[in-house]
Amino acid sequence: MGFEEPTPIQEKTIPPALEGKDLIGQAQTGTGKTAAFGIPIINKVMTRPEGLQAVVLAPTRELAIQVAEELNRISDKSEIHCLPIYGGQDITRQIRALKKKPQIIVATPGRLMDHMRRKTIRLQEIQVLVLDEADEMLNMGFYEDVEKIMEETPKQKQILLFSATMPRQIQNLANRFMNEPLLITIKAKEVTIPLVEQHYIEVQERDKFDILCRLIDIQSPELSIVFGRTKRRVDELTEALKKRGYFAEGIHGDLTQGKRDSVLRQFRSGTVDILVATDVAARGLDITGVTHVYNFDIPQDSESYVHRIGRTGRAGQSGIAISFAIPRELEHLRSIERATNRKIMRMAIPTITEAAEGQQRLAVEKVLRTVEKSELQNYRSMAKELLGREDSVTLLSAALKLLTKDTDQTPITLSPEAPLRVRGQRNPRGRSDRQARQSQGQGKGKGFGKSFNKYYGKKDRPNRQQPSYH
Ligand SMILES: Nc1ncnc2c1ncn2[C@@H]1O[C@H](COP(=O)(O)OP(=O)(O)OP(=O)(O)O)[C@@H](O)[C@H]1O
Ligand SMILES: [Mg+2]
């Protein structure tokens, strides 16, 4: 797979996991938690590759698919096969695939329960159970399902829990089902990735869309994800972006699975470069080339913030995250800063002129790239002739004008979203902005090893409401 060294979480968890220990693994987004559980379970399964041996639970369908793909890459050239099992896909097709006897399945809890009831999946023989994004599965109200799944599995199985965030409720789950679990947290100063630049812009609700378009024009992200609070918001934003000529598609829980799959495929391949999403895309998704995350609506809590912005800056890459906050949400933003122990820098509202300049820069880049390719033979004589008539600056300016996309001002009105309710928190430790700045900027450095071995700050975690995206 081209990995040269284990990431810190892999280094710490793989040996005890191979010994069969139960463990809770916590490490920042994009630091290779999938392989941290994938490698030991595949190793274990290889010693007795008959029947279903291991089950991984994941909170969303897309994540189940992605994790299954990663496990199949790890077990490549072995007889181990891993199958994703998730809602929204034809169940008879899944039953057929199960007849091929995969040794590992990666499942969303609901669909797994369905197969357990039909007796098309039996968990009586499994050796390992993994909960990826364990905290999110509890948030989504899957506790009872997880409980039922635990009951159907052998008592002496190994349990592995992984996530970038581990709120306190996880402890109940651990106490109840796990056998003296090792708690392995990769200590870091910040829960978020230091290589992700974090900004916020104070905006009025009605100005959000124009400002988003300006940001995209200025920053021209390779791939970006725009998070909205609700499904309706995602639909409206997607339509509005398309109207202004952007290649955007939306993803949320009310779309058919076929649509969800095709949107993600297009985004991964780059035919669509803006993914508009609810929190359904906040967890676990690993898409190379995501350079920017825009929180069009502020996330409801610090966990959601950490996971959303963690879609960029993965595997040692850098990234930029920009969150919009309306004035009433500023206090909520502060509580996210406190919980993540990281200052989110204020950014001025970008102007139309800056957006236009951004587009011009893009045109210039196109010209320079074409110069590099130097397949210009067919244009040279015409160019010389033109230079006899006009001066070079005028000619080049005209060419740039033609190549520059006009900043589209098509009027757009989105239905307003109610501002997020702030659960009135004051800063209990009176942490100053200066202290926050000092904690920032540390832990920089390329590659996995250096950045992640820092001390984790204490966190206060607001209670979380039931998410509405599922
Ligand atoms: N040892 C390694 N060296 C280099 N790249 C790695 C290594 N291990 C994993 N990766 C790559 O890093 C990327 C992120 O990994 P992964 O999706 O497992 O992160 P994660 O910790 O689960 O993140 P999240 O909290 O967002 O789910 C993947 O593309 C993966 O293939
Ligand atoms: Mg993951």
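Colleague: Which residues of helix 9 meet which ones in helix 14?
Modeller: In helix 9, R214, D217 and I218 meet I352, E354, A355, G358 and Q359 of helix 14, contact being C-beta atoms, placed from the backbone, within 7 Å. The model is predicted, so local features need pLDDT of at least 70 and side-chain atom pairs count only at pLDDT 80 or more, while totals for chains, interfaces and linings use all residues. Residues are numbered from 1 along each chain as its sequence is written, and chains are lettered from A and ligands numbered from 1 in the order in which they are written.

Colleague: And what about the classes in that contact?
Modeller: The contact of helix 9 with helix 14 has three nonpolar, two polar and three charged residues (Ala, Val, Leu, Ile, Met, Phe, Trp, Tyr, Cys and Pro are nonpolar, Asp, Glu, Lys and Arg charged, the others, Gly among them, polar).

Colleague: Switching to ligand 1, which residues come nearest?
Modeller: T29, G32, K33, T34 and A315 come nearest of the 18 residues around ligand 1, where near means a C-beta atom, placed from the backbone, within 6 Å. By class, that shell has six nonpolar, nine polar and three charged residues.

Colleague: Which helix gives the most to that shell?
Modeller: Helix 2, residues 33-46, does, with three residues (helices are DSSP runs of H or I of at least four residues, strands of E of at least two, numbered from the N terminus).

Colleague: Back to A315, where does it lie?
Modeller: A315 lies in the loop between helix 12 (302-309) and strand 13 (319-325), and its phi is positive, near 50°, although A315 is not a glycine.

Notes. Contact = placed C-beta atoms within 7 Å.
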